[in-house]
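Trainee: Hi! Could you walk me through this protein? I'd like to start with its pockets.

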Amino acid sequence: MSGAKLPQADGNLVYNNQFTETKAGDPGMGIEGTANWSLHKEPDGDAVLSVEELNNSRFLKVNILRPGGQLYSVQPQSIVSLAKGRFYKLTFDAKTEVARSMKVQVTGGASVGYAGYSPALNAQLTNQVQSYEVLFQMKKESDNAARVEFNLGTNDQPVWIGNAKLVEVEGIPFNDDIPKVPLSDGNRVYNGTFSVGEADGMSYWHVVQARKINALATVDPNERQLHIDVKTSSKYADDLKLLQKGIFLNAGQGYELSFDASIQPKGDMFVALTDEDGNVYEKQKVKVSSRIQKYHFAFKNLQLPHDDKNAQLVFYLGDVKKSITIDNIHLR
């Protein structure tokens, strides 16, 4: 790409990731050692920056003076160049003083409407330096001025950021069942709209059926709803299950589940949160209409002995007679 920032010797597209460079004509973030970086601040946001040594690396410390009302009210940025169709891995280290979150994403600038190029990572920071990773494919047009954005607004806890690295990789290993950090909107379910990931729309979901069951699960490419056509049903609900693994549940916390569904003919189904072996934390019975509508209820009595990063959300569908349609699944 003409005018692109080329990879450095180690392949890193993030320039000056050790905050050691100062260049004439490049104000950086307003302090020494921050060339090739910039700091975006909304009128309601402000911060004081410094560079500190942590774990034998130089980290940017962001002291939040005014957190503002938006996540982007305080936003350090690194400008990078991305090519359409290529795969990338972003890694960085970060910490805080008291636990807080930080939304990190690779995006475009104002000229492309701040389009998101990577998934938004809702990094959960602690008082210990931890490493974080985002994998993505650049699906939009090549951009010489893409930005790695660290969104620090709405929270006044300080943040240290270091060792940011963006490199091109050959591809993205897809693992449906990895522990899932909650999405930026708080949803703990990935691909609840059956519209992201692999072309079949079923990324992150499993349909598990006993031998006596004959069912076919498909996602219409236009409607983006999951439809399960049941040829042979059962009198046992757990003979056919729709489930997602790697759901992150916190001990002592309740959750609200919502989804759109219809059953032909109308009937009952059960929905549960379980551990990775299928042991039920809490199960709910839902009366589902033959016309698609939204269902909403709470899991209030979860008995988790500790946080569970590998829990499951399970829909039990074995006694559905003909078909079921499900969409817009949210767990918060």
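Trainee: Which residues lie nearest the centre of the largest pocket?

Mentor: Those are Pro119, Leu135, Leu183, Tyr190 and Tyr204, out of 50 residues that line the largest pocket. Keep in mind that we're looking at a predicted model.

Trainee: Okay, and what volume does the largest pocket have?

Mentor: The largest pocket comes to about 1,800 Å³.

Trainee: Which strand gives the most to the lining of the largest pocket?

Mentor: That's β8, which supplies eight residues to the lining of the largest pocket. Strand β7, residues 121-125, also provides at least two residues there.

Trainee: How do the residues of that lining divide into nonpolar, polar and charged?

Mentor: The lining of the largest pocket has 23 nonpolar residues, 18 polar ones and nine charged ones.

Trainee: How much space lies in the second largest pocket?

Mentor: About 200 Å³. The second largest pocket has 13 lining residues, and Tyr72, Gln75, Tyr114, Arg147 and Glu149 are the ones nearest its centre. Two or more lining residues come from each of β4 (74-82), β6 (100-107) and β9.

Trainee: Which of those gives the largest share?

Mentor: Strand β9 does, with three residues in the lining of the second largest pocket. By class, that lining holds three nonpolar, seven polar and three charged residues.

Trainee: Let's zoom out. How many helices and strands does the protein have?

Mentor: There are zero helices and 20 strands. The C-alpha atoms fill a box of roughly 75 × 45 × 35 Å along the principal axes.

Trainee: And what share of the residues counts as buried?

Mentor: Of the 332 residues, 47% count as buried. Another thing to know about the fold concerns contacts with a separation of 6 or more: 70% of them join residues 24 or more positions apart.

Trainee: What holds strands of a sheet together in general?

Mentor: Strands pair through backbone hydrogen bonds, and the pairing can be parallel or antiparallel.

Trainee: Back to our protein, then. How many bridges join β2 to β3?

Mentor: There are 10 bridges between β2 and β3, with β3 covering residues 57-67. You can look for Val51, whose bridge partner in β3 is Leu60.

Trainee: What does Leu60 stand opposite in β10?

Mentor: Leu60 stands opposite Ile161 there. Strand β10 takes in residues 159-169, and three bridges pair it with β3 in the antiparallel sense.

Trainee: What lies between β2 and β3 in the hairpin?

Mentor: Two residues lie between the strands, and Asn55 in this hairpin takes a positive phi near 50°. Asn55 has that positive phi although it is not a glycine.

Trainee: Is Asn55 buried or exposed?

Mentor: Asn55 counts as exposed because its relative accessibility is 59%, and the cut-off for exposed is over 50%.

Trainee: Where is Thr154, which also isn't a glycine but has a positive phi?

Mentor: Thr154 is in the loop between β9 (143-151) and β10. The phi of Thr154 is about 70°. With a relative accessible area of 43%, Thr154 is partly exposed.

Trainee: One last topic, peptide bonds. Which bond is cis?

Mentor: Look at the one from Gln264 to Pro265, which is cis with omega near -15°. To find Pro265, go to the loop between β15 (255-264) and β16 (267-274).

Definitions and conventions: Residues numbered from 1 in each chain as written. Predicted model: local features only at pLDDT ≥ 70, side-chain atom pairs only at ≥ 80, totals over all residues. Heavy atoms only, no water. Pairing = 2+ DSSP bridges. Helix = DSSP H or I, 4+ residues; strand = E, 2+ residues; numbered from the N terminus. Buried < 20%, exposed > 50% of the residue type's maximum accessible area, 1.4 Å probe, protein only. 1 Å grid on protein atoms, 1.4 Å probe; cavity = no way out; pocket = protein on both sides within 12 Å on 5 of 7 lines; lining within 4 Å. Points joined across faces, edges and corners; volume = space filled by probe spheres on them. Nonpolar A, V, L, I, M, F, W, Y, C, P; charged D, E, K, R; others polar. Contact = heavy atoms within 4.5 Å.
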